[in-house]
Amino acid sequence: MKSFMHGTNTLTNSVTSISKFGFWILCDDKEYFINFNDYPDFRRAPLDAIFEAKFISPKQIRWPSLDIDIEIDALKNPEIYPLQFT
């Protein structure tokens, strides 16, 4: 039997602060800093695009208009995920 109603999304995130160096995002109960030096695609992004962050899974955040996805684990443990830009 298939359920016709989807469950309520209990995952929450919100951008809490932006500076010239990056921005803070609150994911459930933990806040992470996304540095513009580490994620340069955000540097010239419009503010409304940065604020449109959405969970696409419990482990991943997506910014649809910027076509950017970040794994939560990469924010928790950046030393394990060296950033490489081509």
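The following legends describe close-up views of one predicted protein model.

In this predicted model, local features need pLDDT of at least 70 and side-chain atom pairs count only at pLDDT 80 or more, while totals for chains, interfaces and linings use all residues. Residues are numbered from 1 along each chain as its sequence is written, and side-chain values use heavy atoms, with hydrogens and water left out.

**Figure 1. The whole chain and its elements.** The protein chain has two helices and six strands. Helices (H or I, at least four residues) and strands (E, at least two) are DSSP runs, numbered from the N terminus. From that end the order is β-β-β-α-β-β-β-α. Of the 86 residues, 28% count as buried; buried means under 20% relative accessible area, exposed over 50%, and partly exposed in between (1.4 Å probe, protein chains only). The accessible surface of the chain is about 6,500 Å², and 53% of this belongs to carbon and sulfur atoms. Such areas come from the Shrake-Rupley method with a 1.4 Å probe, and for residues only the protein chains shown count as cover.

Figure 2. A pair of aromatic rings is described by the distance of the centres and the angle of the planes. Rings of Phe, Tyr and Trp (its six-membered ring) pair if their centres lie within 6.5 Å; planes under 30 degrees apart count as stacked, over 60 as edge-to-face and the rest as tilted. Five aromatic pairs are found in the whole structure. One of them joins F23 and F36, a tilted pair with 6.2 Å from centre to centre and 50 degrees between the planes. F23 lies in strand β2 (residues 22-27) and F36 in the loop between β3 (30-35) and α1 (47-50), so the pair ties together parts that are 13 residues apart in sequence. F23 is buried, because its relative accessibility is 0%. F36, at 5%, is buried as well. Ring pairs link F23, F36, F42 and W63 into a cluster.

**Figure 3. The aromatic pair W24 and F33.** The rings of W24 and F33 form a tilted pair, 5.1 Å centre to centre, with 50 degrees between the planes. W24 has a relative accessibility of 37% and therefore counts as partly exposed. F33 is also partly exposed, with 31%.

**Figure 4. The open sheet β4-β5-β6.** Strands of a sheet pair through backbone hydrogen bonds, either parallel or antiparallel. Here three strands form an open sheet in the order β4-β5-β6, with antiparallel pairing. Two strands pair if DSSP finds at least two bridges between them. The edge strands, β4 (54-57) and β6 (68-71), each pair on one side only. Between β4 and β5 there are three bridges. F55 stands opposite I61 in β5.

**Figure 5. The surroundings of Q60.** Q60 lies in strand β5 (residues 60-63). Its relative accessibility is 19%, so Q60 counts as buried. The side chains of Q60 and E71 are joined by a polar contact of 3.5 Å. A polar contact is a pair of N or O atoms within 3.5 Å; within protein, one must be able to donate a hydrogen and the other to accept it, and residues adjacent in sequence count only if both atoms are side-chain atoms. Leaving aside neighbours within four places in sequence, Q60 is in contact (heavy atoms within 4.5 Å) with residues including K54, F55 and D69.
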